Amino acid sequence: WFGSKSKISLRKPYVGQAPGRKSYARLISSLILTLCLVFQSITRSQGIRSNFLSAGPGSAGAALGGALVSRGKDASAGFYNPATLVGLPSSVLIQYDQPNENASRSWLAMTAGDRRMKVGLLWKNETLPLSSGKNGFLLSAGVSEKLIPFMPTGTALGLTIGYVSEKIASYSANTILANAGFSWSVQGTRFRYGTGLALNNL
């Protein structure tokens with residue numbers, strides 16, 4: 001048979017996870033990011049309730065300009081993005097500032113857990129003149145993809161529940177807040193790359 005050609009195709013059988021697992025992971029990640037963006041826009045349109053927790057603990061957060069949303073550094077991670085608590089070692093943070101002789105500001109933060117789940121507790125106290133003061137309590141938790149089915153490697157989710165009480169002279173007010181966070185990181189050949197998203201209802 002002159003001029004004829006034959007072609008043989010050999011395909012390697014699929015070994016490993018089910019073909020639909022990666023597509024489910026991408027779909028779930030896209031839905032989570034979309035929901036976080038929608039809730040963030042709604043929260044911004046409603047305005048900020050209080051500026052008492054507008055600045056977080058630690059000098060790293062102020063120096064990096066909010067970059068700690070993608071990667072935590074210490075026990076203050078629960079404030080910026082609770083999802084970044086995952087992977088951090090257990091630690092304690094204590095901070096005290098005194099802008100003037102009649103006012104003071106204190107932070108106390110601690111974390112505990114393992115690489116799959118980490119829990120953090122933060123407390124902020126602010127003493128002001130005229131027998132005024134403010135207190136904030138934040139309870140945070142972050143879980144890795146090892147505890148969440150169909151999530152990509154390096155993904156973490158977090159949630160923070162907070163309670164704030166303020167007293168100015170004879171007046172007082174209380175409020176409850178909730179923050180949600182998402183983070184993803186991967187180790188490269190020389191650097192570690194990551195991104196994060198936090199929804200803060202302060």
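This is a predicted model: local features need pLDDT of at least 70, side-chain atom pairs count only at pLDDT 80 or more; totals for chains, interfaces and linings use all residues.
View 1. Along the sequence the elements run α-α-α-β-β-β-β-β-β-β. Helices (H or I, at least four residues) and strands (E, at least two) are DSSP runs, numbered from the N terminus. Of the 202 residues in the protein chain, 34% are buried; buried means under 20% relative accessible area, exposed over 50%, and partly exposed in between, with a 1.4 Å probe and protein chains only. The accessible surface comes to about 13300 Å², and carbon and sulfur atoms account for 60% of that area. Accessible areas come from the Shrake-Rupley method with a 1.4 Å probe, and for residues only the protein chains shown count as cover. A contact means heavy atoms within 4.5 Å. Among contacts between residues at least 6 apart in sequence, 49% join residues at least 24 apart.

**View 2. The E1 and E2 hairpin.** Two residues sit between E1 and E2 in this hairpin. The strands pair in the antiparallel sense over seven bridges, where pairing asks that DSSP find at least two bridges between two strands.

**View 3. An aromatic cluster of Phe79, Tyr80 and Trp107.** Two aromatic pairs are counted. Rings of Phe, Tyr and Trp (its six-membered ring) pair if their centres lie within 6.5 Å; planes under 30 degrees apart count as stacked, over 60 as edge-to-face and the rest as tilted. Phenylalanine 79 and tyrosine 80 form an edge-to-face pair, with 5.1 Å from centre to centre and 85 degrees between the planes. Phenylalanine 79 counts as buried because its relative accessibility is 8%, and tyrosine 80 is buried because its relative accessible area is 10%. Phenylalanine 79 also forms an edge-to-face pair with tryptophan 107, at 5.7 Å centre to centre and 80 degrees between the planes. This second pair links distant parts of the chain, 28 residues apart: phenylalanine 79 belongs to helix H3 (residues 77-80) and tryptophan 107 to strand E2 (residues 103-113). Both of these residues are buried.

**View 4. Glycine 58, in the loop between helix H1 (20-46) and helix H2 (59-64).** With a relative accessible area of 17%, glycine 58 is therefore buried. Leaving aside neighbours within four places in sequence, glycine 58 is in contact with Tyr80 and Gln95. Alanine 109 is 51 residues away from glycine 58 in sequence and 10.0 Å away in space, C-alpha to C-alpha.

**View 5. Threonine 111 in strand E2.** Threonine 111 is buried because its relative accessible area is 10%. Outside the four places on either side in sequence, threonine 111 has contacts that include Ala75, Leu85, Pro89, Lys118 and Val119.

**View 6. A nonpolar surface patch of about 740 Å².** The patch is made by Val92, Ile94, Met110, Met117, Val119, Leu121, Leu139 and Leu147. The elements giving two or more residues to the patch are strand E1 (92-100) and strand E3 (117-128), and E3 gives the most, with three residues. Patches are made of residues with over 30% relative accessible area and no salt bridge: like charges are joined within 9 Å, nonpolar side chains (Val, Leu, Ile, Met, Phe, Trp, Tyr) within 5 Å. Valine 119 lies in strand E3 and, at 36% relative accessibility, counts as partly exposed.

**View 7. Two salt bridges.** A salt bridge is a side-chain nitrogen of Lys or Arg within 4 Å of a carboxyl oxygen of Asp or Glu. Glutamate 126 and arginine 105 meet through their side chains at 3.3 Å, N to O. This pair links distant parts of the chain, glutamate 126 in strand E3 and arginine 105 in strand E2, 21 residues apart. Glutamate 126 is buried at 12% relative accessible area, whereas arginine 105 is partly exposed at 28%. The side chains of aspartate 114 and arginine 116 form a salt bridge at 3.8 Å, N to O. Aspartate 114 is partly exposed, with a relative accessible area of 37%, and arginine 116 is partly exposed at 44% relative accessibility.

Definitions and conventions:
Residues are numbered from 1 along each chain as its sequence is written. Side-chain values use heavy atoms; hydrogens and water are left out.
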